[in-house]
Amino acid sequence: MVRKPIVAGNWKMNKTVSDAVTLVNGLKADLGSMDKVDVVVCPPFTALSAVVQALKGTKIAVGAQNMHWEKEGAFTGEISAEMLRELGVHYVILGHSERRTYFHE
């Protein structure tokens, strides 16, 4: 089976919730029906819910920028797979360079 290429945009620590929704509303017109590649946007955690809602009905998927391996617990500031799944997030970036460099992960 040949997998479609993925083109993902990681927004890092950029865009407020309203900025994020404005951006994806613009992307919908250009990329919302793309079928040759899987398009994924990865906004900051604060914008995930709003971006998922704004992209409903398009082929643009939403990814998170990080995820904790535990289902729940005393992990301040972390987010679990279950939490992301409930929001409608289908991708996660793990092991990216900033997390390794700054947090020694």
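This is a predicted model: local features need pLDDT of at least 70, side-chain atom pairs count only at pLDDT 80 or more; totals for chains, interfaces and linings use all residues.
Leaving aside neighbours within four places in sequence, Asn66 is in contact with Phe45, Glu78, Ile79, Leu84, Val92, Ile93, Leu94, Arg99 and Glu105; contact here means heavy atoms within 4.5 Å. Residues are numbered from 1 along each chain as its sequence is written, and side-chain values use heavy atoms, with hydrogens and water left out.

Asn66 sits in the loop between E3 and H3. Helices (H or I, at least four residues) and strands (E, at least two) are DSSP runs numbered from the N terminus. Asn66 has a relative accessible area of 10%, so it is buried. The cut-offs are under 20% relative accessible area for buried, over 50% for exposed, and partly exposed in between, with a 1.4 Å probe and protein chains only.

Two other residues of that loop are worth a word. Glu78 is in the loop between E3 and helix H3 (81-87). Glu78 counts as partly exposed because its relative accessible area is 35%. Not counting residues up to four places away in sequence, Glu78 touches Asn66, His68 and Arg99. Is Trp69 buried or exposed? At 72% relative accessibility, it is exposed. Its C-alpha atom is 15 Å from that of His96, 27 residues apart along the chain.

Now the sheet. It is open, has 4 strands in the order E1-E2-E3-E4, and its pairing is parallel. Two strands pair if DSSP finds at least two bridges between them. Strand E1 (6-10) and strand E4 (91-92) are the edge strands, each pairing on one side only.

Going across, E1 and E2 run parallel and are joined by 5 bridges, with Gly9 opposite Val41 in E2. Between E2 and E3, also parallel, there are 3 bridges, and Val39 stands opposite Ile60 in E3. Strand E3 (residues 60-64) is joined to E4 by 2 bridges, again in parallel, and Gly63 faces Tyr91 in E4.

Take Val41 as an example: beyond its neighbours within four places in sequence, its contacts include Gly9, Trp11, Val24, Leu27, Val51, Leu55 and Val62.

Next, the largest pocket, with a volume of about 410 Å³. On a 1 Å grid over the protein atoms alone, a pocket is an open set of points where a 1.4 Å probe fits, with protein on both sides within 12 Å along at least five of seven lines; lining residues have an atom within 4 Å of a point. Points are joined across faces, edges and corners, and the volume is the space filled by probe spheres set on them. Of the 16 lining residues, Phe45, Gln65, His96, Arg99 and Phe103 are closest to the centre. Helix H4 (residues 97-103) gives the largest share of the lining, 4 residues. By class, the lining has 6 nonpolar, 6 polar and 4 charged residues. Here Ala, Val, Leu, Ile, Met, Phe, Trp, Tyr, Cys and Pro count as nonpolar, Asp, Glu, Lys and Arg as charged, and the others, Gly among them, as polar.

Last, the backbone. Most residues other than glycine have a negative phi, and most peptide bonds are trans. Lys12 has a positive phi, near 55°, and lies in the loop between E1 and H1. Lys15, in the loop between E1 and H1, has a positive phi near 85°.
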